[in-house]
Amino acid sequence: MVGPIGAQQEAVMLKVRPGEKRTPQALCAELIAPCGMNCGLCMCYLRKKITCGGCRSGDEGKSKSVLACTIRKCEAVRASVSVFCSDCAKLPCPRLKRLDVRYRKKYRMSMLENLRAIREDGIEPFVESERKRWTCPECGGVQCVHTTECIYCGFAWA
Ligand SMILES: [Zn+2]
């Protein structure tokens, strides 16, 4: 997630033309951004055109808001052992708080909850729980956090 995506992108988020079908088994630790976002669920990662490899990859495919993200570039995260915001003394910083509020309201996840799980259980158990949580019950594809229905089969989640 990519963490943050711009307001403009959010308006069109319901229509994602997906790339090759991905399953939750492909989710991995490298796709979890410092802020706790699971980039493997992001429309920018799952879409067909101009895909983003996640916040831990290079700048390719990233929107201006992601390139400008202060969490992705945060010195404290880079210097931390865990490479997540979870062990930061300033947690939650204002930037992360805003992001968390937006994702809890608009989407079906919380960065702060994710970070807590990463801190308490470890990254691999967290990734495993994400694989279960984001599996489409209809087709087994990975669910996109930014949509209200499966981008592969159209199954709508409540
Ligand atoms: Zn599906």
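Which residues of α5 are buried? In α5, the buried residues are L96, L99, D100 and Y103, where buried means that 20 or more other C-beta atoms lie within 10 Å of a residue's own, exposed means 12 or fewer, partly exposed falls in between, and C-beta atoms are placed from the backbone. Before going further, please keep in mind that this is a predicted model, in which local features need pLDDT of at least 70 and side-chain atom pairs count only at pLDDT 80 or more, while totals for chains, interfaces and linings use all residues. Residues are numbered from 1 along each chain as its sequence is written.

**The fold as a whole**

The protein has seven helices and zero strands; helices (H or I, at least four residues) and strands (E, at least two) are DSSP runs, numbered from the N terminus. The radius of gyration is 15 Å, close to the 15 Å that the globule rule gives for 158 residues, so the protein is as compact as a globular protein of that length. This radius is taken over C-alpha atoms, and the rule is 2.2 Å times the number of residues to the power 0.38. Along the principal axes, the C-alpha atoms fill a box of roughly 45 × 30 × 30 Å.

Of the 158 residues, 36% count as buried. Among contacts between residues at least 6 apart in sequence, 62% join residues at least 24 apart; a contact needs C-beta atoms, placed from the backbone, within 7 Å.

Helix α5 has 13 residues and reaches 18 Å from its first C-alpha to its last, close to the 18 Å expected at 1.5 Å a residue. That expected span is 1.5 Å times one less than the number of residues. In α5, the buried L96, L99, D100 and Y103 have a cover that includes α6. On the other side of the helix, P94, R98, K105 and K106 are exposed.

The largest nonpolar core has 37 residues, of which C35, C39, C42, C85 and M111 touch the most other members. Such a core is a set of buried Ala, Val, Leu, Ile, Met, Phe, Trp, Tyr and Cys residues joined through C-beta atoms within 7 Å. In soluble globular proteins, nonpolar side chains tend to be buried together.

**Loop residues worth a look**

L31 sits in the loop between α1 (7–11) and α2. This leucine, L31, is buried, with 22 other C-beta atoms within 10 Å. Leaving aside residues up to four places away in sequence, L31 touches N38, C39, G40 and G54. The C-alpha atoms of L31 and C74, 43 residues apart along the chain, are separated by 17 Å.

Most residues other than glycine have a negative phi, and most peptide bonds are trans.

A cis peptide bond joins L91 and P92, with omega about -5°. P92 lies in the loop between α4 (75–79) and α5.

Note on methods: Two residues are in contact if their C-beta atoms, placed from the backbone, lie within 7 Å.
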